[in-house]
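Good morning, and thank you for coming.

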Amino acid sequence: MSSENPPRPTDAELEILTVLWSRGPTTVREVHETIAGRRPTQYTTVLKQLQVMAEKGLVKRDENQRAHIYEAARPREWTQRQLAGDILQRAFNGSARSLMVGALSSRKASKQELAELRALLDEYERKTR
Amino acid sequence: MNVLDQAIGWTLLHSLWEGAAAALALAIVLGVTRSSRIRYAAACVAMLAVLAGFGVTFYRLRPRHDGGRMIVRILPSAVNFTADDGPVAMTHTWDATDLLPWLAPLWMAGVLLFQLRCLASWIGAARLRRIGVCGAPDAWFERLDALRLRLRMTRSVALLESCFAEVPAVIGHLRPVILVPVGLLAGLPAGQVEAILLHELAHIRRGDYLVNLMQTVVEGLLFYHPAVWWISTVIRAERENCCDDLVVATSGDAHEYATALAALAENRWTMREPALAATGGNLVKRIRRLLAQPEGPRTAIAPVLSAGILIVTCAVALVAWQTPQRSAPAIVPVIPVTPAPAVEAFEQTQVTPMARPIAPTRMVGLKAQPEALEQLRDLMQKLEIKRGVSRFMLALAQDNPSAQANPAPWPYQKWLDEVSYIITDAERKAFKSLVTNDEREMFIQQFWARRDPAYPQTTAPEEYPTIPKGNPENAYKKEFYRRIAYVNDRFADKKVAGWKTDRGRIYIQYGPPNEIDSHPSGGKYERPAEEGGGQTVTYPFEQWRYRQIDGIGANVIFEFVDKARTGEYKLTTDPAEKDMMKQQLRMVEKQLAALPAQMKLLESQLEIVNSQKEIEKLEQSMRALLASQAPIEQAQKQLEELEKHLQVLENPGAVFLSTGPGEKAVVVVGPDKAVLVTIPIDYDATRISTTVTSSEGKTVGTMGAPLTDPCEGKPADSGCRNNYTKTFPLPPLPPGSYVMTTVVTDSNTWTEKTYVVNFTVN
């Protein structure tokens, strides 16, 4: 693998990378199955894409077994940082937060808040014991 | 001045006090009720009221075509103003009305900006569900489906892992998607992930995404109004509270859920972003609420205060503006102000939650087990169907020749088995490659000859000694067969020949041990420090010590445990093997932990089985799994009983009595404290009573207690056995002989059965 940084992944590549981050080192078949679960795609397309990505240095290939096993070359955090440089991406993702509903607000909790949370939970645990 | 600008300008000004009034009404509602559903509904109504107020005001002030001429009904022109209050107005260097012409364009620009932002959010959200996502593992889909059923949701929901999402979130209303950050599903305990997913499902069930979208649009329209932002904040907070409540009502475990939220906040699956201001998060409040702890300062006070101030200032300003216009009474707008509809709608919403019963809180603990069992029974039904199909296929293919007859047992197998502990692999291979029986007889002679201490040892294994006849005085062979005879005599039980048992094997291999520490009835055992210390109750066990074993070392100890109490002691290297308490604990833990994987395996096997034989086998393993799950609770109970047993055993000089293996009751008596009666019976008993009388016929103590059926509610095939153990306190017994009479009432026939045990206290 080359030591220089791989290029920014395209959207299609990002999808494959997400599968690899989610599942860990994976065979082409499994990547294909996961992607095909959401939209129709050819096995050979995924295989070709993975080969291209391996050339670009986005993924690593383990050829020790009969079925080649692919693995993301960089951790998710690294790629996220890389992608965060993309202004458009960031603007859209940032603004999307105001629309999404979820268990946590888009605000980050502060250190003091986290400490307070811990204390609360600990205290609760102590009480119920 | 444009008439439309004027109408908008006035509408904006009026909406200031309208909004303040709505906020005040909301603040009052918030002060009164704690129910998150009512608070949420009230906040939504307040928001709608501000919007409606804006619309109605604008409608009343709208420019009208009146005989071809556009007029605005309120037209507080500067000329009018100054004409009435001449000198005062002249001194005004600044007046709110001066701002009026600017209001409309400013507002429109703001609305444009905010709606653009809303659009960008919408596009961004659509992108998020498309880019950098992949389907979650199938196992999680199944769990999500189960959770969906628990919330009684019929809508299908997609679960995607996203590399952009920092926190789990719901996107979309018609085709909702739950996005979770990559790594979260695997990174948090399953129970916590489930709680989070429940929260997201609750959002979907409540249609929160759509409400939030509309809320954002309204925020964009009324962006200039602080009260609107405050109401919006209340809606957002109460929305989360509503979902929190739903999660806790469904899962029943507030603490787990709170822990999950805290864990989420702690390690956000985040990308780099500018650090946000540390304040303002309401997570602490939420978790305090979840754990039902008293809150800090009440939330409602601050907004009430601010709304009050706002309304006062607005009223003052309004009066100041309206007084000059006495001359035109028709122009005072009578605006249907918000609180009235708000209260009405609020009362309606208040009724609804009362009418709908909240889902019953579920038991926490071994809750995963019943579901898995349910699933297992389901699988067994499917298997039954498959069995029918297979039978049919078998009937079709009846002509096929069935299984072949077993080949006759090989006459030399017995010898090979006997010497299996001492024969080397090379020898075994050589023996098996022999063709004629003469060769085999020869080999056997040579085999013993090679081990004969009287015979000169050869170095090369190929050079078989060429003694034509075996040496009848072969000491090795004699000792070997003596050991075989010994172990067959001593260690055999009904099923297993003595030489096949573990003790037999060790004895044959290493001869008689130098020391045997035997505990044939188990009982109290002081755990050595290296086994964790403390006291426990053990299964029957034996320890064999060899001073020296060539090739292994000095002071070798073998430990054998008879866990099944069949007399067949098993060799173990684990000192905890004999420890009954540890074993029970371990069994429970192991079974619970192994359950999901076993289910998965059975499920995958169900897919592929075809023949009767395979189906038979699969059914057996399913039944075995089912049976193995049933005694878990029983095991826990037994553990408690063991603790009691231990207490009895701790009494010095305890008498341990057994009425023998063929009989029924086991009685353990401690001379000064307690008596323990163990009665393994195979019928249902309701009551047990025990009387102890001294040899003179004097009653020393009587104990009675109702019994609960340990197998109650378990299926008949669960393998549960009635095994009642009862501990009774007994007064100190002076030395002497006693008779214990135990009467057990059979709950089916309502007859009494009596067990009599004689015992002596020394």
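This is a predicted model: local features need pLDDT of at least 70, side-chain atom pairs count only at pLDDT 80 or more; totals for chains, interfaces and linings use all residues.

Val59(A) stands opposite Ala72(A), which belongs to β3(A). Within β3(A), Tyr70(A) is the bridge partner of Arg61(A). Residues are numbered from 1 along each chain as its sequence is written, while chains are lettered from A and ligands numbered from 1 in the order in which they are written.

Let me stay with these strands. β2(A) and β3(A), the latter covering residues 69-72, run antiparallel and are joined by 4 bridges; strands count as paired if DSSP finds at least two bridges between them. A hairpin of 6 residues leads from β2(A) to β3(A). The open sheet to which they belong has 3 strands in the order β1-β3-β2 (chain A), with antiparallel pairing. Its edge strands, each pairing on one side only, are β1 (26-27) and β2 (59-62) of chain A. The element names follow DSSP runs, numbered from the N terminus: helices are H or I runs of at least four residues, and strands are E runs of at least two.

What lies across this sheet? α1(A) lies across β1, β2 and β3 of chain A, and runs at about 95° to β3(A). Axes here are lines fitted to C-alpha atoms, for helices over the stretch in contact, and angles run from 0 to 180 degrees between N-to-C directions.

α1(A) also packs against helix α3 (residues 43-56) of chain A, at an angle of about 95° and with the axes 11 Å apart. α1(A) and α3(A) are therefore roughly perpendicular, a term for angles of 65 to 115 degrees. On the α1(A) side, Ala12(A), Glu13(A) and Ile16(A) make the contact, and on the α3(A) side Gln49(A), Leu50(A) and Met53(A). Contact requires C-beta atoms, placed from the backbone, to lie within 7 Å. Sorted by class, this contact has 4 nonpolar, 1 polar and 1 charged residues. Nonpolar covers Ala, Val, Leu, Ile, Met, Phe, Trp, Tyr, Cys and Pro; charged covers Asp, Glu, Lys and Arg; the others, Gly among them, are polar.

I turn now to the two chains together. In all, 41 residues of chain A are in contact with 53 residues of chain B. On chain A, α1 (11-23), α2 (28-36), α4 (76-84), α5 (87-96) and α6 (111-128) each supply at least two residues of the side touching chain B. The largest share, 9 residues, comes from α6(A). That side of chain A has 19 nonpolar, 12 polar and 10 charged residues.

Finally, two residues of chain B. Arg152(B), in the loop between α6 (138-150) and β4 (158-162) of chain B, has a phi near 55°, a positive value in a residue other than glycine. Is Arg152(B) buried or exposed? Arg152(B) counts as exposed, with 9 C-beta neighbours inside 10 Å; exposed means 12 or fewer other C-beta atoms within 10 Å, and buried 20 or more. Asn555(B), in strand β11 (residues 553-561) of chain B, also has a positive phi of about 55° although it is not a glycine. Asn555(B) is exposed, with 10 other C-beta atoms within 10 Å.

Technical notes. Two residues are in contact if their C-beta atoms, placed from the backbone, lie within 7 Å. Angles under 35 degrees count as roughly parallel, over 145 as roughly antiparallel, 65 to 115 as roughly perpendicular and the rest as oblique.
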